[in-house]
Number of protein chains: 2
Amino acid sequence: MAERVRLLDVAKAAGVSQGTASNAFGKPDLVRKEVRERILEVAKELGYRGPHVMARMLRTGKAGALGVVFPDNLEYAFSDPVAIELLRGVGRECARQAVNMMIISAENPEQAITAINNAAVDAFLVHCYSDDNDIISAIQRRNQPLVCIDTDIAGAAGTVVLDDFAGAEMAAQHLIDCGARKFAILSLQANKAENFGPMNAKRRGAVSHRVVRERLGGYHASLKKAGIAIEDVVHIECENMSSHSAEMVETMLRDHPEIDGILAMSDVIAIGALDGARASGRKIPDDLKVIGFDGIAEGERTDPPLSSIRQDSVEKGRLAAEMALGETQGDNNRVLETSLLVRGSTR
Amino acid sequence: MAERVRLLDVAKAAGVSQGTASNAFGKPDLVRKEVRERILEVAKELGYRGPHVMARMLRTGKAGALGVVFPDNLEYAFSDPVAIELLRGVGRECARQAVNMMIISAENPEQAITAINNAAVDAFLVHCYSDDNDIISAIQRRNQPLVCIDTDIAGAAGTVVLDDFAGAEMAAQHLIDCGARKFAILSLQANKAENFGPMNAKRRGAVSHRVVRERLGGYHASLKKAGIAIEDVVHIECENMSSHSAEMVETMLRDHPEIDGILAMSDVIAIGALDGARASGRKIPDDLKVIGFDGIAEGERTDPPLSSIRQDSVEKGRLAAEMALGETQGDNNRVLETSLLVRGSTR
DNA sequence: CTGAAAGCGCTTACAG
DNA sequence: CTGAAAGCGCTTACAG
């Protein structure tokens, strides 16, 4: 490959100083029109490809990119429908602000830290459930704006979370209103230790993921209000994967045939629950009512269509990106609302 | 904020040269253990945050990131299930090679070109349908490895495409084997001009998107072989969106009630076709057989489950990333195979 | 194994 | 509006 043409080469060939040549590209208003055009023409003749990105970055200190990290599970970003919606929102805001989107990729936590240190970005966005995390610390060490989604982290420039408590309250209240009395709660993973299956009271007390804690609290609040004892509620911790929750629900319905209402902490889990319930011979919503959480599009096509608590994940991502990129004034701890979405799986 | 601590500050404080300090971080083997440890300790005391990313990039010329561009439609990346699978594959390979993933984001083509010029990456991956494209030219001007997915572009370092022709042949042959005789083809967008609706012979001759050209060719080959005249086949160009194809199919079945086989160029289109056919009172597969293309997971849950031509989009993305990052020897024009996926929508 | 020096390519005060 | 100069922070030949 030929030697790279530099700005200085262009400047010399055009008979101007390097500074003027630089301005011709970066600040066109500062250069007289004829001069600018001559510089651009000479540049084209020499095959100059425009200012070197890395050099400009070093000089200006601006990377023109937003880093996005998924510390809990790095492949998760492109698997979970909710995470994808989030990315769509982030992408939208990045496009609006003419900033690229750097997805930090790694196979394991150690590599993730290296990846974070190697990323030329102006700010970070983190989606995670827990806050005690080496990856988070690595980001904080970079000393750049950091916005957290779905969890609170001390020292973050901002936080975007859902009013998970209120959403869960709504979900449980809705099932109660539909006549359910014997409840099962299908929980998302509650903390770092993977411990899928029945969730006893001890484990329910050791929840470190904010989302799980809040949603559990919301469910319980409505159930208690309706006079239902929490000890009588079946709790199961599920992987966020339909095939897994389907199995869990089949087993559960064998052990607890009386269950007539399922509160699932995600639509992905709820969709599996529909499968498991159908395989167990239950008619939904007649025998058993199921409500999910998130309101993903796929819930429209299930059999029956899935009731849920709708959240606007796209907006969640967009807003977080906006905050990270520093266009937001004032309050930097945002709580987004949810709404009840009634479809065929409850009545 | 305090002044940034530089490597030179660390070197001075540790009583070594800057070069040695640099090696302590980047090439630990070249520095005696005690010296290295002293340097690292001094660094920690001074609050040195590790080598400045941009400076290292400028010096080494390596960005440690792969650029990913979706020139046809920039929001498409996080909307289309097939694009998301592609991204998952790219992400997986990036993780394997410890490289980050830079998604080029922009609201319009002009901004996209700026975004490309501002991206500090080592190589580009492009997913697109057409090859005549200002955005592609902008990437090529960067003079970095470029791998194209789903289209051929002159001067690309590599290409990953599907054997779309063979896949489409299989799809049509399968419907013929199932007894269909009166066909409709639901095409993806055929070229830059959005021209949704009936697709006459003239427009069928002006297809610039490779995928559409190949799939159309494959369908036609099987149909001709079965003695079906192409002029009798209804062709409709659809937006790649289920709600749109559903409408198109309702109208189509009103105008052409004889249709008993639908060949859809994507599963997203096919899923809409199922809706449209159901709304028109057709029983699938008894009255009408439908086959899609792609084999996305969502096709398992439709009513009835969708037959399709399966492609491995994850592997497509992964392979393209591998090629772009230069780990591939030999042939750099890969053609991936497809397979027939028979489910409830055909019999 | 260590040190002194050059230079990656640019932008931005500064002086005119 | 233009030019000369400094410096962003690092890594890497090179000489010892």
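Of the atoms of DNA strand D within 4 Å of the protein, what percentage belong to sugar or phosphate? In this predicted model, 69% of those atoms belong to sugar or phosphate, and the rest belong to bases. Residues are numbered from 1 along each chain as its sequence is written, and chains are lettered from A, and ligands numbered from 1, in the order in which they are written. Local features need pLDDT of at least 70, and side-chain atom pairs count only at pLDDT 80 or more, whereas totals for chains, interfaces and linings use all residues; side-chain values use heavy atoms, with hydrogens and water left out.

DNA strand D is surrounded by 27 residues (each with a heavy atom within 4 Å of the strand), and the closest are R32(A), L7(B), S22(B), Y48(B) and R59(B).

Chain B can be laid on chain A with an RMSD of 0.1 Å by a turn of 180° and a shift of 0.0 Å along the axis, the superposition being by least squares on the C-alpha atoms of residues with pLDDT of at least 70 in both copies. That is the relation of a two-fold axis. In chain B, the C-alpha nearest the axis, that of M102(B), is 2.1 Å from it.
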